[in-house]
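Good morning, colleagues. Please look at the model on the screen while I describe a few of its local features.

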Amino acid sequence: MKLNIAHPATGHMKVIDVDDEKKLRAFFDKRMGAEIDGGVLGPDFEGFIFRISGGNDKQGFPMMQGVMSHRRVRLLLTKDSACYRPRRKGERKRKSVRGCIVGPDLAVLNLVVVKQGPSELPGLTDNPVPRRLGPKRASKIRKLFNLTKDDDVRKFVVAREFKNKKGKDVRKRPAIQRLVTPVVLQRKRRRAVLKKVQQEKVKAEAAEYARVHAAFNRERRASRRSSRRSSKKE
(Lines give C-alpha, C1' and ligand atoms only; values in the text may rest on other atoms or scores of the structure.)
Protein backbone atom coordinates (compact mmCIF):
# COMPACT_ATOMS: atom_id res chain seq x y z
CA MET A 1 0.00 0.00 0.00
CA LYS A 2 1.18 3.52 -0.80
CA LEU A 3 0.97 6.18 1.89
CA ASN A 4 0.57 9.70 0.53
CA ILE A 5 1.73 11.98 3.37
CA ALA A 6 1.02 15.73 3.16
CA HIS A 7 2.49 18.41 5.42
CA PRO A 8 0.38 21.61 5.22
CA ALA A 9 2.91 23.67 7.20
CA THR A 10 5.65 23.23 4.59
CA GLY A 11 3.52 22.56 1.50
CA HIS A 12 5.36 19.29 0.76
CA MET A 13 3.97 15.86 -0.04
CA LYS A 14 5.74 12.51 0.06
CA VAL A 15 4.72 9.04 -1.10
CA ILE A 16 6.15 5.95 0.59
CA ASP A 17 5.55 2.26 -0.17
CA VAL A 18 4.75 0.08 2.82
CA ASP A 19 4.64 -3.69 2.24
CA ASP A 20 4.87 -4.80 5.86
CA GLU A 21 1.43 -5.89 6.99
CA LYS A 22 2.36 -5.41 10.65
CA LYS A 23 2.84 -1.68 10.04
CA LEU A 24 -0.37 -1.38 8.04
CA ARG A 25 -2.38 -3.29 10.63
CA ALA A 26 -2.55 -0.15 12.79
CA PHE A 27 -4.51 1.62 10.02
CA PHE A 28 -7.05 -1.15 9.44
CA ASP A 29 -10.62 -0.62 10.72
CA LYS A 30 -9.91 3.08 11.23
CA ARG A 31 -12.24 5.69 9.76
CA MET A 32 -11.52 8.86 7.81
CA GLY A 33 -10.61 11.62 10.25
CA ALA A 34 -9.01 9.29 12.77
CA GLU A 35 -5.54 10.16 14.10
CA ILE A 36 -2.75 7.59 14.06
CA ASP A 37 0.58 7.60 15.88
CA GLY A 38 3.38 7.71 13.31
CA GLY A 39 5.62 5.48 15.40
CA VAL A 40 3.94 2.40 13.91
CA LEU A 41 5.70 3.12 10.59
CA GLY A 42 9.19 3.08 12.06
CA PRO A 43 11.61 5.08 14.20
CA ASP A 44 11.88 7.84 11.56
CA PHE A 45 8.23 8.76 12.16
CA GLU A 46 8.45 8.69 15.94
CA GLY A 47 6.48 11.56 17.48
CA PHE A 48 4.46 12.25 14.32
CA ILE A 49 0.67 12.16 14.40
CA PHE A 50 -1.18 11.56 11.13
CA ARG A 51 -4.84 12.09 10.25
CA ILE A 52 -6.50 9.86 7.67
CA SER A 53 -7.96 12.13 4.98
CA GLY A 54 -8.96 9.62 2.30
CA GLY A 55 -7.72 7.04 -0.14
CA ASN A 56 -8.42 4.94 -3.20
CA ASP A 57 -8.93 1.24 -3.68
CA LYS A 58 -7.09 -0.82 -6.26
CA GLN A 59 -9.65 0.01 -8.95
CA GLY A 60 -9.35 3.75 -8.29
CA PHE A 61 -12.65 4.39 -6.48
CA PRO A 62 -12.25 7.07 -3.78
CA MET A 63 -13.19 6.80 -0.13
CA MET A 64 -16.26 8.82 0.87
CA GLN A 65 -16.79 10.24 4.34
CA GLY A 66 -19.97 9.07 6.06
CA VAL A 67 -20.24 5.71 4.27
CA MET A 68 -19.79 3.26 7.16
CA SER A 69 -18.44 0.35 5.16
CA HIS A 70 -15.12 -1.19 4.21
CA ARG A 71 -16.44 -2.22 0.80
CA ARG A 72 -17.56 -0.49 -2.38
CA VAL A 73 -21.14 0.72 -2.59
CA ARG A 74 -23.30 2.45 -5.21
CA LEU A 75 -24.95 5.69 -4.10
CA LEU A 76 -27.22 8.23 -5.79
CA LEU A 77 -25.18 11.42 -5.61
CA THR A 78 -26.28 15.03 -6.05
CA LYS A 79 -24.51 18.37 -6.41
CA ASP A 80 -23.93 18.58 -2.63
CA SER A 81 -22.32 15.14 -2.45
CA ALA A 82 -18.60 14.45 -2.37
CA CYS A 83 -16.92 12.43 -5.12
CA TYR A 84 -19.30 13.82 -7.75
CA ARG A 85 -19.45 16.93 -9.93
CA PRO A 86 -22.71 17.36 -11.88
CA ARG A 87 -22.47 18.52 -15.49
CA ARG A 88 -26.04 19.81 -15.73
CA LYS A 89 -28.36 21.63 -13.37
CA GLY A 90 -30.35 19.26 -11.17
CA GLU A 91 -28.45 16.22 -12.38
CA ARG A 92 -28.13 13.15 -10.14
CA LYS A 93 -26.08 10.08 -10.79
CA ARG A 94 -25.53 6.70 -9.19
CA LYS A 95 -21.81 6.13 -8.73
CA SER A 96 -19.58 3.63 -6.99
CA VAL A 97 -17.64 4.89 -3.99
CA ARG A 98 -15.50 3.21 -1.36
CA GLY A 99 -16.54 3.28 2.31
CA CYS A 100 -14.69 5.41 4.85
CA ILE A 101 -13.29 2.45 6.84
CA VAL A 102 -9.69 1.52 6.01
CA GLY A 103 -9.10 -2.03 4.80
CA PRO A 104 -6.45 -4.13 3.05
CA ASP A 105 -8.07 -3.57 -0.36
CA LEU A 106 -6.83 0.04 -0.56
CA ALA A 107 -4.04 0.92 -2.95
CA VAL A 108 -3.38 4.48 -1.70
CA LEU A 109 -4.04 5.98 1.73
CA ASN A 110 -3.87 9.75 2.18
CA LEU A 111 -2.42 11.06 5.45
CA VAL A 112 -2.01 14.61 6.78
CA VAL A 113 0.60 15.57 9.36
CA VAL A 114 -1.19 16.91 12.44
CA LYS A 115 1.86 17.02 14.73
CA GLN A 116 5.50 16.93 13.69
CA GLY A 117 8.01 14.80 15.55
CA PRO A 118 11.50 15.77 16.68
CA SER A 119 13.24 14.26 13.66
CA GLU A 120 13.32 15.83 10.20
CA LEU A 121 12.11 13.90 7.18
CA PRO A 122 13.82 14.87 3.90
CA GLY A 123 11.32 15.96 1.30
CA LEU A 124 8.54 16.46 3.83
CA THR A 125 9.53 18.72 6.72
CA ASP A 126 12.58 20.51 5.27
CA ASN A 127 12.67 23.45 2.82
CA PRO A 128 9.16 24.89 3.19
CA VAL A 129 7.61 25.97 -0.10
CA PRO A 130 6.75 29.71 -0.08
CA ARG A 131 3.19 30.71 -0.83
CA ARG A 132 2.76 31.59 -4.48
CA LEU A 133 -0.24 33.86 -3.95
CA GLY A 134 -1.21 36.15 -1.11
CA PRO A 135 -4.67 36.76 0.35
CA LYS A 136 -7.23 38.53 -1.81
CA ARG A 137 -9.96 39.50 0.65
CA ALA A 138 -9.51 42.79 2.48
CA SER A 139 -10.15 41.33 5.95
CA LYS A 140 -7.60 38.55 5.39
CA ILE A 141 -4.97 41.05 4.21
CA ARG A 142 -5.54 43.03 7.42
CA LYS A 143 -5.20 39.86 9.45
CA LEU A 144 -1.97 38.84 7.71
CA PHE A 145 -0.22 42.20 8.19
CA ASN A 146 -1.94 43.07 11.51
CA LEU A 147 -3.50 46.23 10.10
CA THR A 148 -6.19 48.48 11.53
CA LYS A 149 -9.25 49.80 9.74
CA ASP A 150 -7.52 53.15 9.21
CA ASP A 151 -4.64 51.59 7.22
CA ASP A 152 -4.83 51.46 3.44
CA VAL A 153 -5.12 47.81 2.43
CA ARG A 154 -4.17 48.54 -1.19
CA LYS A 155 -0.55 49.21 -0.18
CA PHE A 156 -0.14 45.73 1.31
CA VAL A 157 -1.39 43.55 -1.54
CA VAL A 158 1.05 40.73 -2.32
CA ALA A 159 2.18 41.06 -5.93
CA ARG A 160 4.13 38.54 -7.95
CA GLU A 161 6.63 39.17 -10.70
CA PHE A 162 7.29 36.82 -13.60
CA LYS A 163 8.20 36.78 -17.26
CA ASN A 164 5.51 36.28 -19.85
CA LYS A 165 5.80 34.36 -23.11
CA LYS A 166 7.35 37.37 -24.82
CA GLY A 167 10.08 37.61 -22.20
CA LYS A 168 8.84 40.83 -20.60
CA ASP A 169 8.82 41.31 -16.84
CA VAL A 170 5.22 41.40 -15.64
CA ARG A 171 3.92 42.37 -12.21
CA LYS A 172 0.47 41.09 -11.21
CA ARG A 173 -1.65 42.16 -8.27
CA PRO A 174 -5.00 40.61 -7.35
CA ALA A 175 -8.16 42.69 -7.21
CA ILE A 176 -9.08 43.23 -3.57
CA GLN A 177 -12.44 41.76 -2.64
CA ARG A 178 -14.88 43.32 -0.13
CA LEU A 179 -12.91 46.56 -0.01
CA VAL A 180 -14.97 49.42 1.42
CA THR A 181 -14.22 52.61 -0.53
CA PRO A 182 -16.06 55.96 -0.79
CA VAL A 183 -17.59 54.81 -4.08
CA VAL A 184 -18.93 51.66 -2.40
CA LEU A 185 -20.47 53.72 0.41
CA GLN A 186 -21.98 56.13 -2.13
CA ARG A 187 -23.61 53.25 -4.01
CA LYS A 188 -24.91 51.83 -0.74
CA ARG A 189 -26.50 55.18 0.16
CA ARG A 190 -28.01 55.42 -3.33
CA ARG A 191 -29.56 51.97 -3.00
CA ALA A 192 -31.03 52.96 0.37
CA VAL A 193 -32.52 56.14 -1.12
CA LEU A 194 -33.99 54.25 -4.09
CA LYS A 195 -35.46 51.67 -1.75
CA LYS A 196 -37.10 54.37 0.36
CA VAL A 197 -38.47 56.13 -2.74
CA GLN A 198 -39.90 52.84 -4.00
CA GLN A 199 -41.56 52.17 -0.64
CA GLU A 200 -43.18 55.63 -0.63
CA LYS A 201 -44.33 55.12 -4.20
CA VAL A 202 -45.93 51.79 -3.33
CA LYS A 203 -47.70 53.33 -0.33
CA ALA A 204 -49.03 56.23 -2.45
CA GLU A 205 -50.24 53.86 -5.17
CA ALA A 206 -51.92 51.64 -2.56
CA ALA A 207 -53.69 54.65 -1.00
CA GLU A 208 -54.83 55.88 -4.44
CA TYR A 209 -56.12 52.41 -5.30
CA ALA A 210 -58.00 52.21 -1.99
CA ARG A 211 -59.59 55.63 -2.65
CA VAL A 212 -60.67 54.73 -6.19
CA HIS A 213 -61.93 51.33 -5.07
CA ALA A 214 -63.99 52.88 -2.26
CA ALA A 215 -65.50 55.43 -4.65
CA PHE A 216 -66.36 52.65 -7.10
CA ASN A 217 -68.05 50.65 -4.35
CA ARG A 218 -70.09 53.69 -3.26
CA GLU A 219 -71.25 54.31 -6.82
CA ARG A 220 -72.18 50.66 -7.26
CA ARG A 221 -74.18 50.57 -4.02
CA ALA A 222 -75.96 53.82 -4.99
CA SER A 223 -76.86 52.43 -8.40
CA ARG A 224 -78.20 49.23 -6.82
CA ARG A 225 -80.38 51.19 -4.39
CA SER A 226 -81.75 53.34 -7.20
CA SER A 227 -82.52 50.28 -9.33
CA ARG A 228 -84.37 48.64 -6.41
CA ARG A 229 -86.49 51.76 -5.80
CA SER A 230 -87.42 51.99 -9.46
CA SER A 231 -88.42 48.31 -9.56
CA LYS A 232 -90.64 48.73 -6.44
CA LYS A 233 -92.47 51.73 -7.97
CA GLU A 234 -93.25 49.72 -11.07
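Which backbone nitrogen does the side chain of T125 reach? The side chain of T125 reaches that of L121, at 2.8 Å. This is a predicted model, in which local features need pLDDT of at least 70 and side-chain atom pairs count only at pLDDT 80 or more, while totals for chains, interfaces and linings use all residues. Residues are numbered from 1 along each chain as its sequence is written, and side-chain values use heavy atoms, without hydrogens and water.

T125 sits in the loop that runs between strand 7 (106-115) and helix 2. T125 is also joined to E120, side chain to side chain, by a polar contact of 2.6 Å (a pair of N or O atoms within 3.5 Å; within protein, one must be able to donate a hydrogen and the other to accept it, and residues adjacent in sequence count only if both atoms are side-chain atoms). With a relative accessible area of 8%, T125 is buried (buried means under 20%, exposed over 50%, and partly exposed in between, with a 1.4 Å probe and protein chains only).

L144, F145 and V158 make a nonpolar patch of about 240 Å². Its member V158 belongs to the loop between helix 2 (138-145) and strand 8 (160-163), and V158 is partly exposed at 35% relative accessible area.

A positive patch includes R218, R221 and K232. R221 is placed in helix 3, residues 182-233, and is partly exposed at 44%.

Key. Patch = residues over 30% accessible without salt bridge, like charges linked within 9 Å, V, L, I, M, F, W, Y side chains within 5 Å. Areas by Shrake-Rupley, 256 points an atom, 1.4 Å probe, with all protein chains shown as cover. Salt bridge = Lys/Arg side-chain N within 4 Å of Asp/Glu carboxyl O. Lys, Arg positive; Asp, Glu negative; His and termini not counted. Charge placed at Lys NZ, Arg CZ, Asp CG, Glu CD. Helix = DSSP H or I, 4+ residues; strand = E, 2+ residues; numbered from the N terminus.
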